[in-house]
Amino acid sequence: MVEIPEPATFINLARYPIHDPGDDATRALIERCRGELESQAFTVLDDFLTHEAVARFWDESMALSDLTVRREKTRSAYLDTPDEEDTSWPQGHPRRQFFHTSWGVVADDLIPDSHGLRMLYAWEGLTAFFSEVLQVRPLYRHADRFQALNINVLTPGDEQAWHFDDMDFVVLLYLTTPEAGGELECASLVRNDDDPCYDKVARAFDGTYAQLHRRPSVAGTLTIMRGNHSVHRVYPVEGETPRLTAVLAYDRVPDKYEGDAINIQMYGERVREKIEAGFNKPE
Ligand SMILES: [Fe+2]
């Protein structure tokens, strides 16, 4: 029997025995995830967390809700702002379409060590699993003390508009199930490194692209996504329940830090003081 470390007990190990990399079910799971990432740019593991973990993470995350920083932006799918509009593209071109996005975020440094999510994120076995799935070896947890583990909070009315990610993969754990809305829609592999494929991006926007996937946000679900070639969005959240998502950041290098200015812009003025006091510097 392989020993089960405490953070692994948050995971539905009967279905996803990732604490045991040698288990046939784990090998098969890794193959499945790799295949889905290859064919559709994301993979979804339903019921990845146990019901107990979902309940615990909800309580612990709601206790942090006063610390949420609200953010709002109008930007293109390429993250340009309207004042950066390039009018050399024709009217209506994907480069010239701007969308509204609003959400909240709880920064890593505000999530205590006692939070179950923190324990889960810190568990080497989870990083090792993602390393295998993503075939990034070694894979490191993000070193930045503001960015590494975040909780994204979409309150009713919030949405994340069409965009491409600038990082090549992201790991999401849904913590709540909104009453309605909040689905992730992904236009899989709409572009590639050699071709921006604007015609396909336009079809994604108008709903006629062939590989459009729309998945509900259900508490306990793990999603791994390669969002740099697949334009995606989150539908407006409806009802009473906020859409809480843990965003687990990883990198190919052990010492990746974001710029101070970016962190202050993302997480608010309160982080300036911490940075000036030497927090979030390489050891
Ligand atoms: Fe994204």
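The buried residues of α4 pack against α1 (24-40), α3 (116-122), β7 (170-174), β11 (222-225) and β15 (250-251). Contact here requires that the C-beta atoms of two residues, placed from the backbone, lie within 7 Å. Helices (H or I, at least four residues) and strands (E, at least two) are DSSP runs, numbered from the N terminus. The model is predicted: local features need pLDDT of at least 70 and side-chain atom pairs count only at pLDDT 80 or more, whereas totals for chains, interfaces and linings use all residues. Residues are numbered from 1 along each chain as its sequence is written.

Within α4, the buried residues are Leu126, Phe129, Phe130, Glu132, Val133 and Leu134. A residue is classed as buried if 20 or more other C-beta atoms lie within 10 Å of its own, as exposed if 12 or fewer do, and as partly exposed in between, with C-beta atoms placed from the backbone. Glu132 belongs to this helix, which spans residues 124-134. Glu132 counts as buried because it has 20 C-beta neighbours inside 10 Å. The C-alpha atoms of Glu132 and Ile30 are 6.9 Å apart in space, although the two residues are 102 residues apart in sequence.

After α4 comes Gln135, with a positive phi near 55°. The loop between α4 and β4 (140-141) contains Pro138, and the peptide bond from Arg137 to Pro138 is cis, with omega near -5°.

Seven strands form an open sheet in the order β1-β11-β7-β14-β5-β3-β2, with antiparallel pairing. From one strand to the next, the twist averages 25°, where axes are lines fitted to C-alpha atoms (for helices over the stretch in contact) and angles run from 0 to 180 degrees between N-to-C directions. Two strands are taken to pair if DSSP finds at least two bridges between them.

Strand β11 pairs with β1 (residues 42-45) in the antiparallel sense over four bridges, and Leu45 has Leu222 of β11 as its bridge partner. Four bridges also join β11 to β7, again in an antiparallel arrangement; here Thr223 of β11 stands opposite Leu172. Both faces of β11 are covered, with Leu222 and Ile224 buried on one side and Thr223 and Met225 buried on the other. Elsewhere in the sheet, strands β3 (residues 99-106) and β5 (residues 149-154) run antiparallel and are joined by three bridges. The bridge partner of Val106 in β5 is Ile151.

Positive phi values also occur at two further residues. Asp47, which is not a glycine, has a positive phi of about 50° and is placed in the loop between β1 and α2 (51-62). Asp47 is partly exposed because 17 other C-beta atoms lie within 10 Å. Asn280, likewise not a glycine, has a positive phi of about 70° and is found in the segment after α7 (270-276). With 19 C-beta neighbours inside 10 Å, Asn280 counts as partly exposed.
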